[in-house]
Amino acid sequence: MSKVKSAICLTLMTLLIAGLCFICFVSFNLPNGIETYNSILTMTEKDADLGLRYGGKEDKSDRYLGGGYSAVYYPEGVISAEEFELEFNSHDMYDNTYDPDLQDILRYEKVGNLYFDSDKIKSANSSGAYEPNDDFKAQFQKAVDLFTARYEALHLEDVRVSVFDGYAVRVFVPQSDTAALEPLSYTGEFTVKYGSDASSAATIMPARATESISDYVKSAGSRTGADGTNYVVINFTQKGREALAKASDGAADSSATVFFRVGDNSALELSVSEKIDQDSLYISNGQFTEISAKTSAVLIDTAVNGVQTTLSFDVENTVNYHALYGENSLLWMYIVYAILFAAMMIFFFVRYHLLGFAHLYTYLLFLCGTVLCVWAIPFLTLSVETFAAFMLTSLLLCVSNAVTFEKARAEYATGKTMTSSVKTGYSKCFWNLFDVHIVLALAGFFTFFVALPPLSGFAFVFGLTAVFSGLGTLVLNRFNWAILMAYTDKKGPFCNFKREETEDE
Amino acid sequence: MNKFKPWKKLPIWLAISAVVIIAGIILTVLLGFNTAAERPDNLQLEVKYDITVVNSEQLQDKLESYCEEVLKSNSLTVSDLQKTKGTGESGEKGALNYYFTSEISAETQEKVKTELETKLEADNDLNGAYTVYLAWHTETVTSATDYIWRGAIAVGVVAGLIYLGIRFGLGCALTGLALSLHDALFTLAVLAIARIPVYASAPLLYASVAALLSLALWLVHCIKLRTLKKESETPLDAETSVETAYRGAWRWILIIAGSLAAAVLLLGALATNGVRALALPLLIAVVAPLYSSLVLGPAVHLQVRRALDKFSRNNKTKYVGKEKKADK
């Protein structure tokens, strides 16, 4: 490559890398003092474990910024000690006038850290302690099983369900998925009503008290169409199909609504303007996100096929957690990465002198490409898992580049020219490096297709970055090497390559 | 390493692996993994505060220092502290959640609460009604999405191995399969035996890392074996080719595994407790493939090569010429 061509290529490459690094990593306040320029890394969704403290934006926008929400589902008739004390202390105990609110709160008895309505407890034992009655205990266990099954069916990373203070349920969801918190607390029988408004609508499934909803509805699921529209799919039995067809027979003349309800709560509503006569009903209200469609589907499916409980629940004590792994998790991960990056560059510059720049350029493009992909691909977040996958393939890229440099070094030592050494060195290791990258990328992508979070995120990033590493080492690194070499006449010292010393005979 | 001949000690390596994996399977069945990092069964002291009153870092730090003083004076060891700052919107409060894994008697819980309340009452900034609310809570995690094993790693590794079989031969693919499977199981077994605290979803991740790394390290051997085959003029016997490939591969294997272990150690040393709990067990997923590719792999591959060579020798048809008709 001529010096002029090399200078043009090097300038363009430098500008490209500088531009990419700027948009990927630099955030700053704009001169107006109000707005902020956010880097791609700042805008990248953060895993609930890492949170937003560094690299996030602490505002109330609808972007996922890491962290998550926890809420406690209290059974009806059960309140927290805090709520009890607040209610109790808000009344004047020395006022003799009848206060129904005070009488209500006085019905509650302490059970562990909670307060129970007296109709849900047994009489006090010998030491004066209360415990819930057997029916409540049995129904509560069913509710725990139901909530656990629902949240597991969401297949979301970091979701957590726990029994809190013995007889309440605490759930945690990542900040992107808070739409699930309220609906998944609904309990009760699943019914389908048809009419102009919810209060006057007639129940069409189950139509008789002797029937069950499973006679009408088989299951529910969610789908995402090719155009990105999200649907809730309800699969009916023949009887369910006929019931809906019969009810919606006159819908063309007077439009109505189908109300899908779980207990007293609305799970889904569908405006009908024509007769519905199909086995599977695809419902999209145009506002479904993937998670809200999935939530509605899981709610309906578990109401039809899951465990049922007679208890109803109130969602309270919602708390926002910025980062489960600790507030500085992300900062420390960045610091660790910076140290490893520095160590890597020291190695390359010490061992290969200015040839280290070829590796630096390749690596920076690899890094920016990965950051852009994690930001742009909807199901990826910056997490410890994706970071681990990236570190593995970073090592792969470094080793691959080192292998190509070492092969060329060995050729150069035998007395070949630098151009010939590079060519021979690359040809000797090209297929080996190609195989390594293909095998690892295949393993990553195939794992991704079958895995569930958080393994799927790890596997996808691993596969994707293995491809980037392959392109980087086999194409980009050689190109960078070629444009850098055009600048020097002392090619050996430039790369810290030496000829083999031969003894004169 | 140049005098070390691991392929001559296959029974020892197999015995070690068998003992570890079988013990791991038994313990996993009986006890499961130690998911203490997830705080599956915890006791927590919740110190909830009104963010509109305790509205500065200074006051929040003061509240935290009171809590620490009281907990320390009662000799209570906090396993984790989770802070939520709250926004004040819709009554959202800030909170300090101190987690404990050991049991604390009801008397001590009450004592801690009383002592803290006394300290808060004596402080003019924090003694308002409902400014700070203290409560002890118990929590038992019920969700366990970790155990949803979908054979994902197996599918991924097999896909890589099919390619390996095509490019490097059946022997390399079979050894690679054995090593990947071994390393995934070995990693899970060590986690189960050593009762290392892990997040509920993490064992699958560690097994996956071990299988992938195992594949990568075995590829180094495969590349050396193929190069050797190409360069040698006459076919080498199984032991010579395994030995020569091993002599050329072990340095690269050590460099790769060593760099990865250093990165994991650095992450573990510097990161927050949460990340450390995820990162440090990753070392097992690095060490297991290192062990298998340095000692078990060559030994297994030698046996595989011998078996395949024997098989191909037995199946080689010999041309014996046309059957002559007997003279009549």
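Predicted model: local features only at pLDDT ≥ 70, side-chain atom pairs only at ≥ 80, totals over all residues.

Modeller: A:Ile234 stands opposite A:Leu281, a residue of E15(A). Residues are numbered from 1 along each chain as its sequence is written, and chains are lettered from A and ligands numbered from 1 in the order in which they are written.

Strand E12 (residues 230-236) of chain A pairs with E15(A) in the antiparallel sense, over four bridges. Strands (E, at least two residues) and helices (H or I, at least four) are DSSP runs numbered from the N terminus; two strands pair if DSSP finds at least two bridges between them. The open sheet has three strands in the order E11-E12-E15 (chain A), with antiparallel pairing. Strand E11 (217-224) and strand E15 (280-283) of chain A are its edges, each pairing on one side only. With direction ignored, neighbouring strands of this sheet are turned by 20 degrees against each other on average.

Helix H7 (residues 290-305) of chain A lies across E11 and E12 of chain A and runs at about 170 degrees to E11(A). Such angles run from 0 to 180 degrees between N-to-C directions, with axes fitted to C-alpha atoms, for helices over the stretch in contact (C-beta atoms, placed from the backbone, within 7 Å).

As for confidence, chain A averages a pLDDT of 87, and 94% of the residues score at least 70. Over residues 53-64 of chain A the pLDDT is below 50, and beyond near neighbours in sequence this stretch has 25 contacts in the model.

Technical notes: Contact = placed C-beta atoms within 7 Å. pLDDT = per-residue confidence, 0-100.
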